[in-house]
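Visitor: I'm new to this one. Could you show me how to read it, step by step?

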Amino acid sequence: MNIQKMIEIKKEYGISNNMIAQMSGVPMGTVQKIFSGETISPRYDTLMALSEMFEKIMAGEVQEPVAAYKVTSSGSDSISKKDYENKTIEDYIALPEGTRIELIDGRFYDMAAPTTIHQKIGFELCHLFEGYIEANGGQCVPFVAPTDVQLDCDNKTMIQPDVLVVCDRSKITRARIVGAPDLIVEVVSPSNAMVDLIIKLEKYKKAGVKEYWVVFPDDKTIFVYDFTKKDEPVRYSFEDTIPVGIWDGKCEIDLKKLYKKIEFMYQ
């Protein structure tokens with residue numbers, strides 16, 4: 001497999017340089033030079049190691065390439081790959097403060113640090129949702145990350161969606177949300193794309209989330225899943241207006257106005 005093909009797969013699957021280094025065994029510095037174009041002709045053994053890793057991903061032999069292999073926490077503690085399996089909410093709560101981890105079906109997943117664009121999109125959407133709720137005397141409550149959500153009401157899943165709206169206030173406790181929110185928004189980071197698009201998509205649908213938005217900041221697009229109607233998403237651009245399904249389309253989010261607030265960040 002040539003480097004250009006690897007670059008295409010890397011982009012499609014949202015695989016970070018760190019993940020490539022961890023899965024292939026190729027040093028991080030070498031990975032960075034190859035995928036930045038600084039190294040045009042890597043050594044044969046390096047090329048073979050990378051090619052083997054990407055072929056495994058394409059063949060489905062690497063089921064979850066986005067699962068983290070190491071997370072550096074505050075202090076000198078760290079979490080190794082073997083420590084990511086068979087986990088519970090108790091293990092999640094015991095993590096060192098500042099560790100960015102989600103727990104899904106008993107497995108830890110690393111969370112990428114959000115960019116300024118990522119944070120601003122989430123903040124603005126939450127603000128617009130809250131404005132609609134207040135203007136209409138609604139009971140729904142919007143939240144932004146980091147807010148713990150015990151999605152399945154069991155001890156194997158604890159997530160932190162970027163934005164969520166809960167309309168059943170009995171699900172809101174002092175410590176966390178217990179149960180499925182009505183609306184969830186995830187702003188995609190390249191290293192977490194497959195988690196948001198595959199793993200979380202299925203989890204949210206099965207848990208009873210009514211509406212799921214997946215925001216792609218780089219592509220300036222949003223996929224909206226209305227699980228109460230169909231499984232296929234509707235694709236919107238940052239030029240469009242999105243009707244919010246949980247409020248029967250009465251609330252409309254003007255993405256063009258939102259983008260104008262953050263356009264300078266793309267320069």
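**Reading the fold**

Guide: Start with the overall parts: the protein has eight helices and 14 strands. Keep in mind that this is a predicted model.

Visitor: What share of the 267 residues is buried?

Guide: Buried residues account for 46% of them.

Visitor: How do I read a helix, then?

Guide: Here's the general idea: an α-helix has 3.6 residues a turn, so residues three or four places apart point the same way. Now look at helix H6, residues 116–135. Its 20 residues reach 28 Å from first C-alpha to last, close to the 28 Å expected at 1.5 Å a residue.

Visitor: Which residues of H6 are buried?

Guide: Among them are Ile 117, Ile 121, Leu 125, Phe 129 and Ile 133. The buried residues of H6 pack against several elements, including strand S5 (141–144), strand S10 (211–216) and helix H8 (255–262). After H6 comes Gly 137, with a positive phi near 65 degrees.

Visitor: Can we try a single residue? Is Leu 197 buried or partly exposed?

Guide: Leu 197 has a relative accessible area of 28%, so it counts as partly exposed, since buried means under 20%. You'll find Leu 197 in helix H7, residues 193–207.

Visitor: What is Leu 197 in contact with, beyond its neighbours within four places in sequence?

Guide: Val 214 and Phe 216. Leu 197 and Val 214 are 17 residues apart along the chain, with their C-alpha atoms separated by 7.7 Å.

Methods:
Residues numbered from 1 in each chain as written. Predicted model: local features only at pLDDT ≥ 70, side-chain atom pairs only at ≥ 80, totals over all residues. Heavy atoms only, no water. Helix = DSSP H or I, 4+ residues; strand = E, 2+ residues; numbered from the N terminus. Buried < 20%, exposed > 50% of the residue type's maximum accessible area, 1.4 Å probe, protein only. Contact = heavy atoms within 4.5 Å. Expected span 1.5 Å × (residues − 1).
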